[in-house]
Amino acid sequence: MSICGAEEDSFSATLTDYDGEVSILKPGEEVWLPVEKDMPLEENDRIKTDSFSFAEILIDDGSLVTVEQNSEIILSELSADSGTKKIEAAIFLAFGRLISNIAEFMHRESRYDVHTTTLVAGVRGTEFVIETADAEETDVGVFKGKVAVGGVDYDGKLIKESEVLVTAGNQTSVQKHRRPLPPFALKKKMLLHKERVLFLRKKAIERRRNL
């Protein structure tokens, strides 16, 4: 995605770690291939994990994402402006679970979005979990920071005035073509991911230190 009137830098991500069976499908290709550690990733790459597998992705701004087992994502947008430091990044979660530790943005108009078939989640400097078992419903749990969650319509566009702000310690659920539920306290099922969230936080601090 280009930014009008601005120079766009090469902005990418790296698959810094993985375990188990993890595959990648490059844009325009038809064959899924095994990933490698420290593999550079680009816009529109697809990553898929099997059972008892995971993939860790470091985005250039220091954000760290874990694709949990039995999941598939698309790195649908990665762009940056060299002058303003404005960053635009988006991930589509087709199915499964994504745990994210998003770095604080230097530019106030930077954005990091996660899309599913039921919602758009916009974040800034946040730790959160997004989980979707099928195309009908998605759960979003926030462990630190805030996430703006909105439902999407039949065309995949944000439903007007549907956004709710989910703060730390809360979650929401979004069914297909509906508005999100009002935020409520993290349920036991979502709290089961807390240890993974804290582990990712520790790794994110180390990764950013080395950038």
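## A buried asparagine

N101 is buried, at a relative accessible area of 4% (buried means under 20%, with a 1.4 Å probe and protein chains only). Keep in mind that this is a predicted model, where local features need pLDDT of at least 70 and side-chain atom pairs count only at pLDDT 80 or more, while totals for chains, interfaces and linings use all residues. Residues are numbered from 1 along each chain as its sequence is written, and side-chain values use heavy atoms, leaving out hydrogens and water.

Setting aside neighbours within four places in sequence, N101 is in contact with residues including S63, L64, T126, L200 and R208 (contact means heavy atoms within 4.5 Å).

The largest nonpolar core has 35 residues (a core is a set of buried Ala, Val, Leu, Ile, Met, Phe, Trp, Tyr and Cys residues joined through side-chain atoms within 4.5 Å). L41, I47, I73, Y112, F128 and V149 have the most contacts inside it. Strand β10 gives this core its largest share, four residues.

A second, separate core has 10 residues, among them L64, I99, L186 and V197. L64 is also one of the contacts of N101.

Technical notes. Buried means under 20% relative accessible area, exposed over 50%, partly exposed in between (1.4 Å probe, protein chains only). Helices (H or I, at least four residues) and strands (E, at least two) are DSSP runs, numbered from the N terminus.
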